[in-house]
Amino acid sequence: MSASNWKFATSFTKQFWNWRTITQLVFLAVAITCSILAWNTLARNMRNSGLAISFDFLSDPASFDIADTPFPYKASDSYTRALQVGLINSLKAISISIASATVVGIAVGISRLSQNWLLKQIARIYVEILRNTPLLLQLFFWYSAIFLTLPSTGDAISLGFATLAKDGITIAALKTTISSEFCALVLGLTMFSSAFIAEIVRGGILSVAKGQTEAAKALGMNSFQTMRKIVLPQALRVIIPSLTSQYVNIAKNSSLAIAIGYTDIYRVASTTINQTGRPVNVILIIMGTYLAISLSISASMNLLNRQFQIVER
């Protein structure tokens, strides 16, 4: 081996086998070992209990009805199809809640910085009340105090474009009825999460230098134009990373739908556990499902975050 090749090999070895690399390899080895031991312990305990880590029960008939079904489903369908119905219901609630919480949160966050004293105080009270009360309590309030107090279908309140009843909201143009449980869940997630998003937006706006606003005013821009074209685009660099955790929280908090009777994937899974007696198997499915949803949200937000970051030379 020539002197130059030997020097390169030695340099590469020193760079690779530094203390950071060794620490990471040790941590990875410990994590893999702990995972294998945990899995073997779980499998052994289940065998001792006369159970097995198998998912063959998913092809058995579910034998229970689901109120909110985005596609045709009957009780004779398999547990797999029942879980698919629950998954679609969860994704529907999560996506709508994320979109509505973002819109409301931005509006409230901007209102917190308004020059209008009354608007500013209303936004502050909104944030303080919703942010400091448990989400489960809020869900019970919206469902029990609002939707369950509506009249029955025969005496429904007509708004022209929709009718309000205890069973849900019927939209005339779409000829569809949205259940009260779904409305209460989306409303609760929206209101609760928007309070946190509002503070994130407020912090992001305050992070933009005041000179940017002054320069915009010097160019003749009004407050709306300044906020839309100058302040918010720069504030998004601070806002987006923090929004990721809130969106993931919305996805995880949607599991509280079981408290008000909405048939999301967690409720379907709970019924499946009660009927099949396979708690570990079903819990593994639920954990994997929520993990996949959370990682998908994080990956999407990371891609969006890269679009708004300052590219340095």
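The legends below describe close-up views of a predicted model. Local features need pLDDT of at least 70 and side-chain atom pairs count only at pLDDT 80 or more, while totals for chains, interfaces and linings use all residues. Residues are numbered from 1 along each chain as its sequence is written, and side-chain values use heavy atoms, with hydrogens and water left out.

**View 1. A nonpolar surface patch is formed by Ile22, Val26 and Val30.** Together they have about 240 Å² of accessible area (Shrake-Rupley method, 1.4 Å probe; for residues, only the protein chains shown count as cover). Ile22 lies in helix H2, residues 19–48 (helices, H or I, are DSSP runs of at least four residues, and strands, E, of at least two, numbered from the N terminus). Ile22 is partly exposed, at a relative accessible area of 39% (buried is under 20%, exposed over 50%, partly exposed in between).

**View 2. Helix H9 spans residues 265–276.** Its twelve residues reach 16 Å from first C-alpha to last, close to the 16 Å expected at 1.5 Å a residue (1.5 Å times one less than the number of residues). Ile265, Val268, Ala269, Ser270 and Thr272 of H9 are buried. Their cover includes helix H3 (79–111) and helix H10 (279–308). Gly277, with a positive phi near 65°, follows H9.

**View 3. Four strands make an open antiparallel sheet in the order S1-S2-S3-S4.** Strands S1 (157–158) and S4 (176–179) are at the edges with a single partner strand each, so one side of each has no neighbour in the sheet. Strands S2 (residues 162–165) and S3 (residues 168–171) are joined by four bridges (pairing needs at least two DSSP bridges). Ala162 has Ile171 in S3 as its bridge partner.

Note on methods. Patches are made of residues with over 30% relative accessible area and no salt bridge: like charges are joined within 9 Å, nonpolar side chains (Val, Leu, Ile, Met, Phe, Trp, Tyr) within 5 Å. A salt bridge is a side-chain nitrogen of Lys or Arg within 4 Å of a carboxyl oxygen of Asp or Glu. Buried means under 20% relative accessible area, exposed over 50%, partly exposed in between (1.4 Å probe, protein chains only). Contact means heavy atoms within 4.5 Å.
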